[in-house]
Amino acid sequence: MSPAQPDRADDPEIEELPPDISRRARRLLASLIRPHLALAVVLIVSITVGGIMSVAGPFFVARAIDDGLPAAVGGDTGPLVVAIAAVALTGVADAAATWLSIRLNGRLSQKILFDLRGRLFTHVQRLDLRYHERSTSGRLVSRQTSDMESVQQFVSQALNGMVLSLLTMSAIAVTLVVMNVPLALVAFAGFIPLVFLTVYAHRQQRSAYRRTRTSIARVIVQFVETMGGIRAVQSFRRQRPGLERLTGEDAVYAQANTDALHGVATFAGGTRLIGNLSQTGIILLGGWLVINGYTQLGVLAAFLLYLRRFYGPLDELVQSFSLYQSASAALEKITAVLDAEPDVDAPADPQPLPEQRTGTGRSISFEDVSFAYDSEGPEVLPTFDLEIPAGQIVAVVGATGAGKSTLVKLLTRMYDPSTGAVRLDGVDVRKLADARLRESLVMVTQESYLFSGTIADNIRIGNPDATDAQVLAAAEAVGLDPYVRSLPEGYDTDVKKRGGRLSSGQRQLVSFARVFLADPDVIVLDEATAHLDIPSERLIQQALARVLEGRTAIIIAHRLSTVEIADRVLVMDAGRVVEDGTPAELIHGNSRFGRMYSAWQDSLA
Amino acid sequence: MRSLWRFWPDVRARLGVYLFIFVLTLGSMGIALLVPMITGWIVDGPIARGDFAGMLAPLALILLIGIAEAAAVWLRRRLIAPITSRWEVLWRERLYDRLQYVAVGVHDAWPAGQLLSRAVNDLSQLRRFFAFGLQFLIASPLIVLGGGIILASLHPYFGIIAIAAAVPTVTAIAVLERRYRLASRSAQDTMGEIATDVEEAVQGIRILKAFGRSPWAAQRFRALSERLRGFELTKAYVDSWMFDAAIMIPVLALTAILAVGTWGVIGGWMTVGQVIAALTVTMFLRMPIEMVGFLLADFLMSVTAANRYWEVMDLPLDITDPDGEISEDPQPHSYAGHIRFDAVEYRFADAEEPILAHIDLDIAPGETLALVGATGTGKTALAALLPRLQDVTAGSITLDGADLRDFRINELRRIVSVAFEDPVLFSTTVRENVAMGLKHADVRALPAAETGTSGRAAGASGTETATSGPESGTSGPATSTSGLGDAHGPDAEVWEALEIAAAADFVRRLPDGLNTEVGEQGLSLSGGQRQRLALARAVIGKPRVLVLDDPLSAVDVDTEDRVQTALRRVLGDSTTLVIAHRPSTAALADRVAVLEGGRITDTGTHDELLARNRHYRDLMGASSHAAAETEEVRR
């Protein structure tokens with residue numbers, strides 16, 4: 001069987017868990033229960049009532065036989081009827097209490113899961129791109145599905161059993177002590193090996209359950225990747241290597257699972273053994289005590305009856321314990337995600353943007369800005385200053401890797417600069433509330449992702465409150481409308497249904513429609529027209545020319561047609577702005593831009 | 001129910017062990033009855049008599065039974081663990097393998113998370129069911145039945161009571177079962193939607209951040225999560241009634257037995273012993289009956305899980321070899337590469353109108369044909385027909401005169417090499433990503449791959465370690481040279497392809513050269529970089545037929561120019577279909593076909609079309625008025 005895979009060396013934050021992770025995971029669980037404490041208390045009370053009722057039933061059965069029956073034979077049916085009625089009543093009460101506790105437990109556990117899911121989702125959204133670029137979607141999906149399922153198993157099944165078992169055991173422990181101290185001590189002596197066994201099982205299961213969480217995440221990553229790239233998988237006949245890889249990851253998972261369950265087997269078998277041994281010990285000692293007159297026969301009989309109820313719940317506890325182990329390994333993984341702090345985060349006390357003067361856009365300034373993706377890594381952008389006045393349309397050009405995209409990632413706060421500050425109308429973008437920043441500044445990239453839902457829903461990402469008419473206008477402006485109208489369900493066509501599958505060009509048009517709907521003060525386009533044919537690109541540019549009136553824009557494009565609408569061109573090379581001027585100035589000089597422009601002209605027909 | 005039964009062949013393969021485990025389950029339940037009996041006998045006999053030595057023998061028996069019981073518990077769990085863990089991954093393997101071969105068109109109809117939740121959540125439900133639920137589900141009714149027979153044999157009245165108790169139990173189950181099953185199906189489907197939503201929200205994170213729509217996404221997720229909570233609560237509520245019935249009914253039976261029994265004792269037609277025995281049996285039966293609430297829920301969830309699993313497993317394999325199978329690795333024969341489209345039509349399965357119709361094209365061996373058309377005219381759909389990612393819905397495509405459907409599918413896909421506009425890199429090294437396009441040698445046969453990243457390239461071992469960063473340089477001197485760029489030696493073909501795609505320079509600068517891990521789990525590359533690697537993968541080994549879907553859309557003009565020149569030089573022999581949006585790409589082709597509204601409206605050389613076809617001029621941005629118009633608006 002394959003050994004456990006060492007964790008990936010290059011993303012320690014994601015895979016390697018800090019030493020105090022289990023404490024943090026427990027704290028997380030506590031923080032999830034705390035808001036619902038009242039509910040939890042009512043739940044425990046109803047479980048307790050149910051437990052008492054189920055113990056009381058047999059007591060009344062004994063009363064009916066021992067007291068009621070002789071009395072009834074003697075002519076007095078009263079005690080018998082009372083006892084039988086009590087049996088029925090305790091049964092009904094037990095059923096009612098159980099009914100209630102299952103419902104309350106359902107409510108409590110679903111509240112906890114709902115909170116945890118929401119918390120995790122929101123946090124993942126808050127994490128910055130640096131985190132997301134290192135992580136994979138599959139791993140985060142596994143946190144929300146497989147890990148969440150482990151937690152669900154525990155909170156929905158184990159809480160009930162654990163409370164009931166612990167209550168029963170402590171109640172019976174007290175009874176045992178009251179009945180006979182030496183015998184009780186023998187009964188409790190079993191707890192000494194039990195503690196060692198529990199510690200041992202805990203260690204064994206913990207490491208195995210942790211491995212299940214890590215390996216199932218790898219399986220999920222492989223699964224998600226394969227299904228997401230199925231076209232490439234089939235074209236390049238990657239099915240066999242894919243299956244081999246999945247099988248390899250899954251073998252680790254199956255082994256970890258087997259190890260964990262073997263741990264449970266040892267624990268369950270060991271617990272049962274300890275219970276049975278103490279029972280034998282008690283019969284031995286009890287028999288000796290009775291025979292030598294130290295105690296009554298009746299006491300021993302009762303003691304033995306209760307003893308079974310004392311060790312019985314241990315099975316339940318073992319089961320709950322292993323569910324807890326599995327859940328806590330999952331909670332550790334979830335905690336690790338929740339503990340990751342984004343470098344790019346919302347400001348503690350956001351500053352307002354100055355009032356917008358109608359139709360001017362906003363000014364942008366980079367002050368002493370430098371940037372490296374890693375503190376030890378190379379500087380991608382050496383220190384620079386850049387001023388873009390409100391209303392200017394700036395084209396940024398340069399070879400691949402010149403730093404154009406990095407420049408706009410700083411402006412749009414996908415990353416924060418290593419030094420210096422990026423300002424929008426004089427306000428550091430780090431001081432702006434996210435909602436404020438995003439409503440005044442929007443970026444479109446060549447990546448145009450569609451979310452499940454209708455075409456209209458997808459355009460509405462630009463502005464969720466937009467009316468149908470506004471959505472339509474945006475689609476018309478970018479030239480998407482004729483196509484959408486040709487679909488049987490028009491704007492209500494589901495983009496994941498085959499009829500609604502958009503080509504990459506059409507997806508890009510959806511991205512543009514989003515921007516038009518968002519109506520920001522500053523528009524950033526990073527290769528946003530790469531997948532469009534030339535007429536569509538032209539149409540977009542005409543629309544942009546109208547829309548950009550009175551806004552600030554930064555446009556990155558390999559195809560220099562963009563320059564036609566720009567007021568200013570920045571040429572970048574190796575992270576620096578090497579040329580800066582109006583298109584007219586640059587085209588005619590002996591500049592890099594001049595050369596690029598003529599090369600581009602040549603590439604046209 | 002039937003869907004669960006379909007796992008029978010796997011159960012049968014391990015039937016011996018499985019039955020043995022079942023016997024252990026029954027045995028450990030039975031032992032629970034034995035010990036109190038012996039204990040009672042010790043208490044009433046030797047202890048009551050004061051015979052200490054006399055109690056030792058039966059006590060030793062109790063000790064033995066106790067040890068045996070613990071051993072049975074241990075052994076049962078120990079034996080079942082590897083079997084069911086293995087089944088879970090085996091079933092997942094089958095599901096994954098099925099999905100890998102299901103046609104792209106079928107895939108598109110399934111949200112990603114629905115497939116994932118079946119492969120993970122449903123299968124782990126089934127593992128738990130086969131490990132635990134099923135055993136007790138069979139054992140409990142047996143024990144209850146046995147108990148009922150004992151009751152009836154004690155006195156016919158008790159038998160009537162047992163039957164009377166069975167009627168409401170069965171009724172309650174019948175009433176509740178349907179509701180629970182519906183809720184469980186909805187809950188499990190919603191779990192799939194949650195998986196889809198989470199995946200989308202992570203994959204689309206840049207869009208959500210750029211528009212500040214994370215709160216919107218969170219609200220959407222909360223709505224889903226709220227729905228899931230609703231279904232789970234319905235399950236809990238139905239479950240509460242099942243438990244209610246499971247507790248009430250034996251208690252009522254107990255009360256009835258007590259009442260009837262004491263009445264019989266008073267009336268003299270029954271003995272106290274009979275009543276006590278009947279009560280003991282009934283008390284003992286409480287446990288298995290109370291478990292029914294839990295077992296039934298578990299069973300119904302498992303039925304749902306099995307249904308969901310088989311739904312995917314039953315997806316048809318539409319695109320196969322002529323014999324309906326898919327042979328893994330057929331060696332291609334040699335072909336000239338003559339492609340003909342003959343009255344081809346393609347229609348999405350759920351669409352009314354075909355997206356492509358009356359396509360007639362003849363691409364001579366070695367010819368490069370550019371396909372030009374406006375956004376959304378079906379260019380990508382057409383390109384997908386050549387490697388048979390989709391099959392034509394009418395007409396035919398032939399390669400050297402043979403219908404594509406008469407080829408073995410993987411042979412065809414070896415002949416036809418593709419670069420998609422949306423480049424997908426796999427989570428492995430640059431070398432393997434590029435070399436997987438090789439026609440003849442599988443990548444694992446490359447010597448460098450073997451010495452360099454043995455585990456990774458072999459892929460089969462499942463033990464590969466995803467290392468990157470400086471440490472992985474330990475793979476040996478041989479690799480570091482080949483990894484860092486040398487046009488000779490085993491990686492020569494890879495480097496050549498990288499050079500053509502103008503990717504060699506940036507690959508050399510990657511931390512581990514060819515050994516750098518890329519893809520979702522590796523280093524993230526820019527769109528242009530990914531596109532160039534995908535292009536290198538397509539052109540490596542000079543494929544017979546090459547399909548390039550707008551292969552340079554994300555690349556700057558300079559690089560584009562270099563790639564075009566290299567492509568022209570190298571691909572003289574390959575029959576190439578290239579989707580072009582730009583004049584420079586179209587000019588690369590020997591001939592251009594114009595696609596308009598799903599039909600080919602004109603073919604000719606780039607210059608001919610520019611001269612005679614106005615639509616083509618528009619598409620190529622060559623109509624001067626279009627540019628002027630833009631200029632005007634701007635002023």
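1. A word on ground rules. This is a predicted model, where local features need pLDDT of at least 70, side-chain atom pairs count only at pLDDT 80 or more, and totals for chains, interfaces and linings use all residues. Residues are numbered from 1 along each chain as its sequence is written, and chains are lettered from A in the order in which they are written.

2. Chain A holds an open, mixed sheet of six strands in the order 6-7-8-3-9-10 (strands are DSSP runs of E, at least two residues; helices are runs of H or I, at least four; both are numbered from the N terminus; strands pair if DSSP finds at least two bridges between them). Strand 6 (441–445) and strand 10 (576–581) of chain A are the edges, each with a single partner strand, so one side of each lacks a neighbour in the sheet.

3. Inside that sheet, strand 3 (residues 393–397) and strand 9 (residues 568–573) of chain A run parallel, joined by four bridges. Ala395(A) sits opposite Val569(A) of strand 9.

4. Now the interface: 160 residues of chain A and 162 residues of chain B take part (contact means C-beta atoms, placed from the backbone, within 7 Å). Helix 9 (residues 214–267) of chain B gives the most to its side, with 27 residues.

5. For chain B, an unreviewed UniProt entry lists "transmembrane region" spans, including residues 55–75 and 241–260; such annotations may be inferred rather than shown by experiment. Residues 55–75 of chain B are 95% helix, with end C-alpha atoms 30 Å apart. Residues 241–260 of chain B are 100% helix, with end C-alpha atoms 28 Å apart.

Terms used
Two residues are in contact if their C-beta atoms, placed from the backbone, lie within 7 Å.
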